[in-house]
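Work through the following exercises with the sequence and the model open beside you.

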Amino acid sequence: MPVYRLITSLALFTAAVTSPVETTDAAASWLSALERARETVLASEAADRAEMAVEVWRELEYAYPKYMDWLLQDAPEEHIWAHVPAGGRERVRMQAELLGPKLADLLIHLDAELWHRMVARVVTEVQTENVPFHHANLTTVPELAGQYLQACEIRRETRLAPLLAHRWDGIVFTQHFNMGASHYAYTEALSDAQNERHFYPGAALRVLRFDNGKPVIETLLEDTDGVIRDVDVSYDGQTILFSWKKSDREDDYSL
């Protein structure tokens, strides 16, 4: 019988890119998108750059979720979350004010020197002799970006190795829009609130598995008209429980 594990938050996984040709193509596409984002930020008025940086960053994360996650891990000199104060310590501020300047600065100064440092950080963590890295001899950004993605793929496999060493048949997760909340943690707007409604149809219940270290996603249930959420798995891993609202006006969430 299957033994499932649960992740409670939305997660999107894409297949790993490992061959040099695929890595080169992926790096070229990603670099083009980063350059367009950089030009957009630079074309903005100085007072608007922070907000514009957040906007273009969201688009990049949507198109290249894995690569942008790696970029946030390795590019900043300190973790990006260090710029977000704990609740209650300072007045409430918008994301553009908190992170916008840092994201704008990162996009504008993503040069060969920074790519060198990023590759070095990943290679230091991986510390593998199986794949030679020649980033010290590389001079162009496309070459360095390709080396960076290759190193990140190896790092990803290294980080996943302890998890994959255990016997399990999959991780169950739901895929849907970013629900957020109404005020603090109120959720009636996701259901039947009269004056505020956040219902965006289209959701799926999926299982993440790994085949020789590569992620494979299986769809258990998909609903283009409803929303599936709150997935839970029994302690023995045999039963999956979730809530399902099949339409906005004619149904509500049921187990």
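**Exercise 1. Describe the chain as a whole, from its surface to its order of elements.**

Begin with the surface: the accessible surface of the chain comes to about 15300 Å², of which 52% belongs to carbon and sulfur atoms, where accessible areas come from the Shrake-Rupley method with a 1.4 Å probe and, for residues, only the protein chains shown count as cover. Before going further, note that this is a predicted model, in which local features need pLDDT of at least 70 and side-chain atom pairs count only at pLDDT 80 or more, while totals for chains, interfaces and linings use all residues. Residues are numbered from 1 along each chain as its sequence is written, and side-chain values use heavy atoms, with hydrogens and water left out.

Next, take burial: of the 255 residues of the chain, 38% count as buried, a term that means under 20% relative accessible area, with exposed meaning over 50% and partly exposed in between (1.4 Å probe, protein chains only). Then turn to contacts, which are heavy atoms within 4.5 Å: among those between residues at least 6 apart in sequence, 64% join residues at least 24 apart.

Finally, list the elements, which are DSSP runs numbered from the N terminus (helices are H or I with at least four residues, strands are E with at least two). The chain has 7 helices and 6 strands, and along the sequence they follow the pattern β-α-α-α-α-α-α-α-β-β-β-β-β.

**Exercise 2. Examine helix 6 for its span, its buried residues and what follows it.**

Helix 6 (residues 112-126) has 15 residues and reaches 21 Å from its first C-alpha to its last. The expected span is 1.5 Å times one less than the number of residues, and for helix 6 this gives 21 Å, to which the computed reach is close.

Looking along helix 6, one finds L114, W115, M118, V119, V122, V123 and V126 buried. An α-helix has 3.6 residues a turn, so residues three or four places apart point the same way. Just after helix 6, Q127 takes a positive phi of about 50 degrees.

**Exercise 3. Trace the aromatic pairs around W30 and Y67.**

Start from the rule: rings of Phe, Tyr and Trp (its six-membered ring) pair if their centres lie within 6.5 Å, and planes under 30 degrees apart count as stacked, over 60 as edge-to-face and the rest as tilted. By this rule the count comes to 8 aromatic pairs. The rings of W30 and Y67 have their centres 5.3 Å apart and their planes at 50 degrees, so this pair is tilted. The pair links distant parts of the chain, with W30 in helix 1 (residues 20-43) and Y67 in helix 3 (residues 65-74), 37 residues apart. W30 counts as buried because its relative accessibility is 0%, and Y67 counts as buried at 8%.

Now continue from Y67, which forms a tilted aromatic pair with W70, 5.8 Å centre to centre and with 35 degrees between the planes. Both Y67 and W70 lie in helix 3, 3 residues apart, about one turn of the helix, and both are buried.

**Exercise 4. Locate I108 and E39, and identify what lies around I108.**

I108 is found in helix 5 (residues 100-108) and is buried, with a relative accessible area of 19%. Leaving aside neighbours within four places in sequence, I108 is in contact with R38, V41, L42 and R49. I108 and L34 are 74 residues apart in sequence and 9.5 Å apart in space, C-alpha to C-alpha.

E39 has its place in helix 1 and counts as partly exposed at 46% relative accessibility. The C-alpha atoms of E39 and L107, 68 residues apart along the chain, are separated by 9.1 Å.

**Exercise 5. Follow the pairing of strand 3 with strand 2 and strand 4.**

Two strands pair if DSSP finds at least two bridges between them. Strand 2 (residues 170-175) and strand 3 pair in the antiparallel sense over 5 bridges, and the bridge partner of Q175 in strand 3 is A204. Strand 3 (residues 203-211) and strand 4 (residues 214-223) also pair in the antiparallel sense, over 9 bridges, and here A204 has E222 as its bridge partner in strand 4. At D211, the bridge partner in strand 4 is K214. The hairpin of strand 3 and strand 4 has 2 residues between the strands, and N212 there takes a positive phi near 55 degrees.
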